[in-house]
Structure formats: structure tokens, C-alpha cells
Amino acid sequence: MTVTIRPLQETDIPPLWQIAYGQAHEEWQNWNGPYFHDKPMTEEEMRAWVGDHFKNGIFVNGQPVGAVFAYYEDGQMKRWLDIGIVIYADDVWGQGIGTTALRLWLTKVFSMTDLPHIGLTTWSGNQRMMRSAEKLGMQKEAQVRQVRYWQNRYWDSVKYGILREEWEHQQ
């Protein structure tokens, strides 16, 4: 099994959109910030990802399975960067694909910026994301208790981060 990440091309969008939104039940939405209640993205909205260097596809043996993202927490100041990942295809979960893609993405994002820190935000209900961050040497930097409401209960928001020097040292 070969896991790669790369910028998305026009031809990637229809199959990626199909696995993300074209099925009756998208399990990934229960883990990717479900408390936001985001409405499904249209294929045209996803098409805007083509050419955006902060949005890449995740591919397994050449087939799209998910995406990685980066976004500035501080807007136009562009000094605080967070990353994210989503594996849309739940039939490949539990195989280490997310951790591998996250490792590739961290390396790529550090190479695209001169920032000393990259963060990742998740929630206490997403244990797999927390484990992946920790496996990669990310440190838990904040845990804001009971601020995410989902399925009739409150969850914590959890922030991880890693410094460039820490990342380079372990590579």
C-alpha cells in the first residue's frame, strides 16, 4: 500500500467528491468537527481546491481517499498555521493511512513556510486523531474543557503543536 499526498487536479474532484458526499451516510462527518453541523460541500465548491497549495489530496495506490489542509488561525497576519486531515473513505480506516498522510503533510507544510510552529486542533471524541498527532511527536498544547457540544454532551477542544526544530530533529 502506497500513501501519497499531492495537489488536487480537476480529474481528482469527481471521485473525491463522490466518496466525501455522494454516499447515503458519510461516517467521516461524525469525527470531523460534527458539532459545527456543516452543510455538504457541492462538487463545484470542492473544485475550488484545485490550485490551492494549502489543500492536497490523499491517495492510496493512486486512488483518492481524503484530503489534508492548512489554514491560518490568525487570518491575514499569517503567523499561526493549523493543519487538518480527513479520510473520507471509511473502508480504509485503521490502516495507518491518516498518520502517514499527516507525516507527509507536516513535512510539506514546513517546507512551504518559514514558520516555527504548526498546530492541529481536534476534539476529545476523536481519539484516532489525537493518537496520530501524538505518534508524530506533536505536543498537547491546550485542552479547552467542555466547549464542543455533540450527541447531547459536551466534549473538549484539544490543540496539538510541533516546532520546526522538533520535527526536523525526529526526521
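**Figure 1. Lining of the largest pocket in the predicted model.** The lining comprises 50 residues, and those nearest the pocket centre are Trp31, Asn32, Ile85, Val86 and Met129. Elements contributing two or more residues to this lining are β3 (63-72), β4 (81-87), α3 (97-112), β5, α4 (127-135), β6 (139-150) and β7 (153-163). The pocket holds about 1300 Å³ of space. By class, 25 lining residues are nonpolar, 16 are polar and nine are charged.

Figure 2. Beyond residues up to four places away in sequence, Thr122 touches Met129, Met130, Asp156, Ser157, Val158 and Tyr160.

**Figure 3. Salt bridge between Arg47 and Glu10.** The closest N and O atoms of the two residues are 2.9 Å apart. Arg47 belongs to helix α2, whereas Glu10 sits in the loop between β1 (3-7) and α1, and 37 residues separate the pair. Glu10 is partly exposed, at 43% relative accessibility. Both residues also belong to a salt-bridge network with Glu43 and Glu44.

**Figure 4. Salt bridge between Asp82 and Lys159.** The N to O distance is 3.7 Å. Because Asp82 lies in strand β4 and Lys159 in strand β7, the pair ties together parts 77 residues apart in sequence. Asp82 is buried, at 1% relative accessibility.

**Figure 5. Salt bridge between Glu168 and Arg164 in helix α5.** The closest N and O atoms are 3.9 Å apart. Helix α5 covers residues 164-170, and the two partners are four residues apart, about one turn of the helix. In an α-helix, residues three or four places apart point the same way because there are 3.6 residues a turn.

Definitions and conventions: Residues are numbered from 1 along each chain as its sequence is written. This is a predicted model: local features need pLDDT of at least 70, side-chain atom pairs count only at pLDDT 80 or more; totals for chains, interfaces and linings use all residues. Side-chain values use heavy atoms; hydrogens and water are left out. Contact means heavy atoms within 4.5 Å. On a 1 Å grid over the protein atoms alone, a cavity is a set of points where a 1.4 Å probe fits but cannot get out, and a pocket is an open set with protein on both sides within 12 Å along at least five of seven lines; lining residues have an atom within 4 Å of a point. Grid points are joined across faces, edges and corners, and a volume is the space filled by probe spheres set on the points. Ala, Val, Leu, Ile, Met, Phe, Trp, Tyr, Cys and Pro count as nonpolar, Asp, Glu, Lys and Arg as charged, and the others, Gly among them, as polar. A salt bridge is a side-chain nitrogen of Lys or Arg within 4 Å of a carboxyl oxygen of Asp or Glu. Buried means under 20% relative accessible area, exposed over 50%, partly exposed in between (1.4 Å probe, protein chains only).
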